[in-house]
Amino acid sequence: MQNTVLTSGPFGPVLAKAVIAAAVGAVTMTSPAPVRAADYPSKNIEFVIPFSAGGGFDRTVRLWSPALERALPHKVQVLPTNVPGAGGRKALAMIMRAKPDGTKIAIANMPGAALPEMTGEKIEYDLDKMTWIARLGAEPYMVAVPAKSSIKSVADLKKLNRTIKIPSTDYGSTAFAAGVVFGETMGLKLNQLTGYKGTNDYIVATIRGDADACVAPVSTLAKFIKSGDMRGLVTFEDKSTFEGVPTIASLGHPELTGLAVERYVLAPPKTPANIVKVLSAAFAKASTDPQLIEATEKAKEEIAYLDADAAKAQAEKSIKIYEKHKKLMGRPND
Amino acid sequence: MPNTNMLESTLAALHVLFTPTGSMFLMLGVVVGLLFGCMPGLGGTTAIALLMPLTYGMESNEAMALFGGIMGAVSAGGSISAILINTPGTAPNAATCFDGYPLAKQGKAGIAIGAASVASTIGGIIGVVVLVAVIPLLKSIVLLFGPPEFFMMAVMGLTAIAVSTGGQFLRGLIAAAFGLILAFVGYDSVSGGIRFTLGTDYLWDGISLVPALTGLFAISEMIALSVSGGTISSEAKSTRIVSVFEGVRAVFVHWKTLLQGSVIGTIIGAIPGLGGTVAAFLSYTAAQQISKHPETFGKGNIEGVIGPEAANNAKDGGSLIPTLAFGIPGSAEMAVFLGVLVLHGLEPGPMLLIEHQGVMFSLILALTASCIIATLITLVVARYLVLITLVDVHILVPAVIATSLVGVYALKETFGDVILAAVFGIVGYLMIRFKFPRVTLVIALILGGIAERTLHQSLNMASGDWTIFFTRGISLSLVIITLGCLTIPAIQSLRRRRKLEEEPAE
């Protein structure tokens, strides 16, 4: 009879030793040393991105991280870390439970992060309890169609007299919510196609014809407009970046001006005040960093910095716009 | 894109590669790629993620040389451990184990390594050649594939399961069903709900593929090895350099398998979400189908090494197609690599190739060069690597398990990944013991999620109309191919049986 799993012999001790060795190795790597608030920052800071690489939030964090490093009082690394999952909720849940020692901060998608709570879902994080650090940017949205589409204006969309297909990544995204707001305001019936992996993906889907139009940040759409693949239909900016694209105000709905995806920096709840002060000051200084300004200009991103208190106030204001339409914000495909 | 422009860019990129720093970074990338590739648990994505911050401030062309070097060498490194210790260094090398390891046990590891290396090189080159050839058509190609096409590709991949069960049809299906259940764990972005996460948020993103595969193939094999004891190979026949060249020659003898593997790899690589693992398995199945001796697969048929290895390198060229066309990553490595592009101020999107053609050509060239250099290095050290098969398992097993678990942890610094790998290690060992094929579980795990998501997306797009799969040209072709894949083996076996019946009894 051959050796089986159950017999002792070379199998048991060797394997057990190996697993224990590996486990001990892994555990020692995970146990962090405590840090005194006065020396902050003394350890590297993880700047968590709730989405996968290549998208707008990823870009923002990677642009800001070097500037933040330069602005901090002590030399540490700021490490962009992608933690995608559950439409961004996974990363925020992680921050909710992380140690309030300033080693983990996250960029948050607003008002997307507030949507689940708005629609009555039980979520694992509480935006009120989180520590607000700053707002880094606000990217106004634009509605766009494929360049070769026969739709030339919002009026054309209405004339189609059918459900309009609009893609997004998932129902918890700000783009989805913006779509709802746009649809309801303009009197359009929408079929929201969720499930795309990222903004680039659903813009390409629109070019392909999976959808009629899409709602995306101006900066992300810019490269598709420049390449000749997409055309702007209406923009939610104050002033249109692209010639020939009307602002939402000029179409009679100035209340939607400023519909944007905003990027906020959050820290775990109960983060000590002096750590918040250091971080806020660093972000403020970083926002004037000439290298950051040059890089964001090249990436067509705008710096729209707000300090901690102003950030929280602005976030609440933005949420209110979406709350008006919250009836339609629920899961689309029940 | 005008041809002179491309030629200029290629020459400029070549110029960079031949500078001392350029070639230094390329060599560094190749070595890192080989090392990370051959250590189970680590892989291309980890290598790129770890080296990314170090390249901040580097010149873009040199960064491309580094990362191109890594990407081209990883699966070559992975084939080494797949062949020698039945433990794929990276998931796409899993198919190489099926025939590579039996060859090693027969003392023919040198032949296997020789064949794997050269197949990798040629597959990789073909992938890049196709990429460059279709550059004017990049966008059109990406636009051809939407959710209905993705769904049909996933279904086609899932039917490969039915054909790959290797004689254990029922168990293969059970394993596949289990794989599907695992695929549905996590957040579903179509309906916005979280499923089967056992109350933890570790599983929110579903079952993490790399830890699961590391456990399923690497750790389970180590458990199996330690149970059987001894050494992997009983003879040192293949440590002679001649057998390595025999492997090289085999690649050219079986050029049809090589070509088929490369084409499959390129196409699958070009479809976002499928990745090298699917490419390798599909190529293995396809190689078996065109082989004159399909019954020898799994027992040490060199074609079973050539096909998958060509595919998992060809996919690198293919995965650049959607990446360069629209900034949509064609594979897991590409997804991480997008972060590198952003870091260097190169925004992924349709303008990338237009605005930064030179840098992109540096990448393509580095990728090609890396395929070649990695193989040369492997061939040179092959005879020493083969000695691993003579090492006693009591030393080998703990080393491999420890490296795998540490490597899995290095991915995301989450202990949950380590636990997942360990759990799958045990599951995998039980599957080996009770003869359940692990291949089918893996294919179902990878494709299940894609299939479900794209099915829902397609139906949403069509407002519930099922005929969408039949009214789109490519989707319809895929339906036909899938039906063909399902029925052809049945027809073939019928024909074979009939031929046997017609022959006079001995």
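How many residues of domain 1 of chain A are in contact with residues of domain 2 of chain A? In the predicted model examined here, chain A is divided into domain 1, which takes in residues 43-139 + 261-328, and domain 2, which covers residues 140-256. Between these domains, 21 residues of domain 1 of chain A are in contact with 19 residues of domain 2 of chain A. On the domain 1 side of this contact, the elements that give two or more residues are α4 (115-118), β4 (131-146) and α11 (308-323) of chain A. The residues on that side, the one touching domain 2 of chain A, comprise eight nonpolar, nine polar and four charged residues. The C-alpha centres of domain 1 of chain A and domain 2 of chain A are placed 25 Å apart.

Also in chain A, helix α7 (residues 199-208) is largely enclosed by the rest of the structure, because nine of its ten residues are buried. The buried residues of α7(A) are A:T199, A:N200, A:D201, A:Y202, A:I203, A:V204, A:A205, A:T206 and A:I207. Just after α7(A), A:G209 adopts a positive phi of about 105°.

In chain B, helix α18 (residues 393-412) packs with helix α19 (residues 415-433) at an angle of about 140°, the two axes lying 8 Å apart. This angle makes α18(B) oblique to α19(B), and the crossing of α18(B) and α19(B) is right-handed. From α18(B), the residues B:S404, B:L405, B:V408, B:Y409, B:L411 and B:K412 meet B:F415, B:D417, B:V418 and B:A421 of α19(B). Sorted by class, the contact of α18(B) with α19(B) consists of seven nonpolar, one polar and two charged residues.

A further position in chain B, B:L42, is located in the loop between α2 (20-38) and α3 (44-51) of chain B. Because B:L42 has 28 C-beta neighbours inside 10 Å, B:L42 counts as buried, the cut-off for a buried residue being 20 or more. When neighbours within four places in sequence are left aside, B:L42 is in contact with B:F36, B:A47, B:G407 and B:A410. The C-alpha atom of B:L42 is separated by 8.6 Å from that of B:T403, although these two residues are 361 residues apart along the chain.

Conventions. Residues numbered from 1 in each chain as written. Chains lettered and ligands numbered in written order. Predicted model: local features only at pLDDT ≥ 70, side-chain atom pairs only at ≥ 80, totals over all residues. Domains from an automatic or database assignment. Contact = placed C-beta atoms within 7 Å. Helix = DSSP H or I, 4+ residues; strand = E, 2+ residues; numbered from the N terminus. Nonpolar A, V, L, I, M, F, W, Y, C, P; charged D, E, K, R; others polar. Axes fitted to C-alpha atoms, helices over the stretch in contact; angles between N-to-C directions. Parallel < 35°, antiparallel > 145°, perpendicular 65-115°, else oblique. Left-handed = near helix turned anticlockwise from the far one by under 90°. Buried ≥ 20, exposed ≤ 12 C-beta atoms within 10 Å, placed from the backbone.
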